[in-house]
Structures are given as C-alpha cells and as structure tokens.
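This report sets out computed features of the structure shown below. Overall composition is treated before individual contacts.

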Amino acid sequence: MNTTATPSVWKQPAQVWAVAFACVVAFMGIGLVDPILPAIAESLQASPVETELLFTSYLLVTGLAMLVTSWISSRIGAKATLLIGLALIVAFALLCALSGSVDAVIGFRAGWGLGNALFISTALATIVGAASGGSSAAIILYEAALGLGIAIGPLLGGLLGEMSWRGPFFGVVALMAIAFVAVLVLLRGPAEKRTPVPFSAPFTALRRPALAILAVAALFYNIGFFVLLAFSPFPLGFGALGIGFTFFGWGVALAITSVWVAPLLMRRMPRTRIIVTVLPLLAVDLVAAGFLAGDPAALVVCIIIGGLLLGIMNTVLTEAVMEATDLPRSVASSSYSAVRFLGGAMAPPLAALLWHSFNVTVPYLFAAASVLIAALTVFLGRRALAHIDSHGAVPAAEDAQAILVGDAA
C-alpha cells in the first residue's frame, strides 16, 4: 500500500472531491447504526436478536452483491454504477427512517447493502482515473475517506441518535443526496474504456486453494470483528452518544493501524506470520472483553485495543488475497469479500442469541474461538500460502484499489 505523501494530493479536480466526499459518507454507514441498536430495540419492541439482523441483512446482501458488481460496472460504466449505488442508499436509508417495525428496517437495510456494494466497489477506480498527481495521491485520498468514514459513522450515529433512533438514517439521506448531486454534476471526463468481466469469474476464483484458504480464514475472522462491533453496544449500557464516542475511538484506532502500522509490519515480516501472530492477540482481547463485560470502562478499553488489531488484520489479510492468485485483483477481491461477509452476517444475531441463552461472556468466547479457527486455517494452509510472503513488486494503483475495496468491505 502506497501512503507516501505527494505535493499535489490536496490539489484535485472537483470531480475527485465529489467522489471522495461520497466515499466518506458511504463508509460511515458501516458503524452508523451501532449507537442506536439499543434505542431501536426499545422503540420498536424488538429483541436483541431481531435488532442485530440490521447488520445481517446489510452485510449479507453487500457480500453477495460484490460477486456481480464488477460484471455490472464493466458494462454500464463507473459513473452510472456510482449513481445507482448512491440512489439506492438514499432511497433505502429514507425507508429505514420512516419504518414502523424492526422487520421493515431489516428489509430496507438489505437494499442499502446493495447500494453500498455498487458504490464502494467502483469509487476508487473512479478516483484513480480522475486524480491529479498520480495513483499515490488518489490512494491517499481514498484512505483518508475510509478512515474518516469508519471513525465518524458511530459518532454521528450517537449524536443524531440522542434525538431519535431515526435521526442517523435521515442524516445519511441528506448527506448521500448531496453526494449524488455532486457526482452527477461534477464527475465528467472522456468516455470510459469498458472491458466486460465474465459473470462466472468471482465464482470460479474460489477453486484456487490459496484464495479459498484465505476466504475461509476471513469468514471466521469476520465473526470476531462483528461480535466486537455489533454486539458490544448492548453490554456497554451507554446511551447513543456514549456508544458513539466509544466506537469513534474504535474507528480511529482501526484507521491508524490499517493505514500506517500494517504497511510497516509488512515491510518487516511475512504476511502469514503477521496473521498467525495478530489473530491470537485478538482472541485474547475478545476473551478479556467477555470476562470484563460487566465493567463498561474495561470493555471500552478492550474495544479500542480490538480496533488496533482489526486495522492490521484488515489490510494484511486483504493484501494477502491480492497476492494469492494470478487472477485480476478485482475478481479475487470480489470472491474473498463475498465469503468474508458471510461471517459478518451471521455473527451479530448469533452473539445476541448466545447472550440470551447463557450470559454476556459467551458471545465473546465464541468470537475468540472463531478468530483462533481463522489463525489455525492459515497455519495449516501455510504451504499453499507460501508465495504470498514474497515481496515482489505489484502494480501500485491496481493493488491498492483491490486492498482498499476489501478493507471497506
């Protein structure tokens, strides 16, 4: 990942800033509902299991849609794909805000996930194509948008959620509507060169052993990720603002290690060694969170530490995927992201069900066990993954594009 600053990084055409702004808002959607989960459960008389399905529907549809977004954008073009994605997010976020039942919100979050998949899978390619100062400047802007969105989403959700659980959804509608107009008006340029991608490409990619191993590892890793993100608001016991500030800190920690620490480690250690070292540390953090969940201050510390470790894993795992096969990186990333999202989709309701059936510690122990399975998967498959530890040169723009799309996913 290229994070070297360039003098022209902030001197960009208006169309680049339009897409970058839309990226910030899109990434905010990842953690936006986190602070309002308890409020939604109370206001709509929903159980924690039902409320956690807000993440499940969003992540499941996003992951499945990732399998076809490259096929769609290669045929209708990047601008059309971006606008359709933004329009879907605006429409379904508005429907979420106007809903009167948790079932309706769950369904509309699925539509939101489709829009998000279309948008984030196309955004960086658009920025790279339009930015001045080369691909490194575009990558820095995209990384900044990713970090800002992940950090600001929970904070904005907490601030607006103090007024009503509907507030964060209306906030997304307003911001994404502005982003839609900005992209529509400002994103102009020469006609795109379209190279159609076969529909079957992401499906057949999973036949490659190295990619399959990493995808399975990512599925179990994502269980740990989303138990920490989506379940923790309930045992914290804070109001929307308190949860928002907690996950603002989590998002900042994740962004820092994803953008700066992970690349530093990868210059000094093989990727598989980083993975089998950081995942057990994450498991330890999750076990600690489980036994300390009754102490809100201690749980906040565990969440922030988890963010630091998750940031490293997001970048290292996804970059490993980029080196796993000789397939086009967009195809490898789509296949990997689709499987990875299955773990994220199943984790929140399972965590709530375990909490209801046993106690608050068990969901975190389940998450820790899943993370250890991910580490074991990589360890046992290390021979098939030996080639990802080489440090051969790769095309910077293409590599970073696929890495960052994977991180956003």
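## Overall organisation

In the protein, 87% of the contacts with a separation of 6 or more are between residues 24 or more positions apart, where contact means heavy atoms within 4.5 Å. The model is predicted: local features need pLDDT of at least 70, side-chain atom pairs count only at pLDDT 80 or more, and totals for chains, interfaces and linings use all residues. Residues are numbered from 1 along each chain as its sequence is written, and side-chain values use heavy atoms, with hydrogens and water left out.

The protein contains 16 helices and 0 strands; helices (H or I, at least four residues) and strands (E, at least two) are DSSP runs numbered from the N terminus. Of its 409 residues, 59% count as buried, that is, under 20% relative accessible area, with exposed meaning over 50% and partly exposed in between (1.4 Å probe, protein chains only).

## Packing of helices 9 and 11

Helix 9 (residues 209-231) packs against helix 11 (residues 240-266) at an angle of about 150°, and their axes are 11 Å apart. Helix 9 is therefore roughly antiparallel to helix 11, a term for angles over 145 degrees. Axes are lines fitted to C-alpha atoms, for helices over the stretch in contact, and angles run from 0 to 180 degrees between N-to-C directions.

From helix 9, Phe225, Leu228 and Leu229 meet Phe247, Trp250 and Leu254 of helix 11. The residues of this contact comprise 6 nonpolar, no polar and no charged; Ala, Val, Leu, Ile, Met, Phe, Trp, Tyr, Cys and Pro count as nonpolar, Asp, Glu, Lys and Arg as charged, and the others, Gly among them, as polar.

## Salt bridge and a buried arginine

The structure holds 1 salt bridge, defined as a side-chain nitrogen of Lys or Arg within 4 Å of a carboxyl oxygen of Asp or Glu. Arg208 and Asp326 form this pair, at 2.8 Å from N to O. Arg208 lies in the loop between helix 8 (201-205) and helix 9, and Asp326 in the loop between helix 13 (296-324) and helix 14 (329-357), 118 residues apart. Arg208 is partly exposed at 32% relative accessible area, whereas Asp326 is exposed at 67%.

Arg340 belongs to helix 14 and is buried, with a relative accessible area of 2%. The C-alpha atoms of Arg340 and Asn222 are 6.3 Å apart, although 118 residues separate the two in sequence.

Conventions
Angles under 35 degrees count as roughly parallel, over 145 as roughly antiparallel, 65 to 115 as roughly perpendicular and the rest as oblique.
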